[in-house]
Amino acid sequence: MQSLRLPLLGLLLCTGAAACADRTSVPPPAAGAPARADVSLAPQLETIESRVPRNATLHSLLTRHIPSDLAGNVAAAARGVFDPRQLRADNPYRLVRSISDGILREFELQIDADRFLRIVVRQDDGGEVVPTAEVVPYKKETTVASITATIDGDTSSLIGALQGAGENVQLGIALAKIFEGDIDFASDIQRGDRFEILFEKILRDGEYAGYGEILGAVVENAGRRLTAIRFAGADGKAGYYDEKGRSLVRTFLRAPLDIAARITSGFNKRRLHPVLGTYRPHLAIDYGAPYGTKVVSVAEGTVVSAGWAGGGGKQVRIRHANGYESYYLHLSAFAPGIRPGARVSQGQMIGRVGATGTATGAHLDYRLKKNGQWINPLAEAGRMPSGDGIPAFRRAAFDAERENVLSRLVSKSPVYKADSPN
């Protein structure tokens with residue numbers, strides 16, 4: 001069990017006047033008398049560390065260790081600062097109690113990654129037990145780290161490469177989100193691809209507690225070098241820009257899922273249908289993804305329809321600027337508010353992966369039209385232009401930040417020069 005790493009109580013206990021008397025007042029043993037053995041006092045308090053069991057309430061948890069009436073008083077005090085419904089199974093807790101009478105002295109419970117509940121029990125002047133409860137934030141620190149990871153014979157995915165470098169899936173998801181306009185991390189990644197990331201890492205008591213922002217990254221993919229620098233644009237909002245100061249936000253995302261999903265069937269004018277057994281055009285990209293995976297809009301637009309589409313099952317159709325329309329088929333559910341006429345933003349959830357209609361299993365069928373004609377979504381995404389650039393009055397600040405970020409990456413990537421080739 002990961003310890004809460006909270007300070008234990010420092011206690012000095014005396015069991016009577018004799019026990020607390022000055023040692024110098026005790027006469028030495030007479031000459032020749034047998035030496036007395038030291039008196040060993042049993043500890044007066046004990047500390048219990050454990051985890052919240054399934055289906056527990058705060059009261060039932062406390063009654064495992066202290067009398068029921070005291071547990072009721074303590075739980076009542078906690079309700080003043082803590083919603084008992086936030087109690088989560090398997091969260092760690094620590095309890096200090098008296099051995100002699102089972103009276104609670106202190107109780108600490110992890111609420112989430114940011115806070116813990118602390119209850120201290122004292123006696124008032126009349127001898128009544130008075131519990132005091134408070135919710136305390138964990139003390140955290142943010143450090144900046146950099147790593148490099150490579151797709152090789154042992155790893156075939158971004159997530160696997162980052163895990164091999166000692167990081168976890170959340171960093172991979174964040175990196176994929178930054179480059180989603182340029183790379184489909186499920187289909188574009190190849191052996192030999194390399195990733196360098198400069199990122200914030202949040203620590204609690206010296207242990208990992210989450211990630212902050214990715215400050216910069218370099219991805220070498222299929223012979224091309226892609227760079228992301230985090231910087232506040234003209235509107236003051238932070239975004240990601242390439243080495244030339246162009247926004248990484250593209251008109252269309254390369255994939256309509258919030259995870260890297262495997263392409264199970266590509267755009268094909270003559271494909272054997274897995275259910276019907278006949279050859280017919282497959283004017284879509286199929287993504288194999290777990291049932292319920294979030295499906296997002298590839299671009300800003302307006303919902304044209306959200307309903308049943310025969311063999312396509314539950315389908316969302318969205319109209320975008322410049323004659324584009326996107327289709328999302330075989331959904332298991334629609335996102336709240338997704339109805340004809342609704343405006344959606346790029347990356348907004350519109351539904352969840354399912355297997356409705358004519359489908360052999362959970363997957364997403366994603367289609368794209370331009371001026372009424374079906375087109376290959378991946379090929380079209382590759383032709384999308386770069387985003388807006390850094391304005392002139394912010395250019396010097398961006399150049400300084402770019403040099404700072406690139407110099408702190410693992411390989412000390414060379415600083416970009418204005419006359420460098422694309």
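Leu 331 has Val 353, in S20, as its bridge partner. The model is predicted: local features need pLDDT of at least 70, side-chain atom pairs count only at pLDDT 80 or more, and totals for chains, interfaces and linings use all residues. Residues are numbered from 1 along each chain as its sequence is written, and side-chain values use heavy atoms, with hydrogens and water left out.

The protein has six helices and 22 strands (DSSP runs, H or I of at least four residues and E of at least two, numbered from the N terminus). Of its 422 residues, 41% are buried (under 20% relative accessible area, 1.4 Å probe, protein chains only).

S18 and S20 pair antiparallel over three bridges (pairing requires at least two DSSP bridges between two strands). S15 and S20 also run antiparallel, joined by three bridges. Arg 352 in S20 is the bridge partner of Lys 294.

The largest nonpolar core holds 29 residues (buried Ala, Val, Leu, Ile, Met, Phe, Trp, Tyr and Cys joined through side-chain atoms within 4.5 Å). Phe 252, Leu 257, Val 295, Tyr 328, Ile 350, Leu 364 and Tyr 366 touch the most other members. S14, S15, S17, S18, S20 and S21 each supply at least two residues of this core.

Leaving aside neighbours within four places in sequence, Leu 257 is in contact with Tyr 287, Ala 289, Thr 293, Lys 294, Val 295, Val 296, Val 353 and Leu 364 (heavy atoms within 4.5 Å).

Definitions and conventions
Buried < 20%, exposed > 50% of the residue type's maximum accessible area, 1.4 Å probe, protein only.
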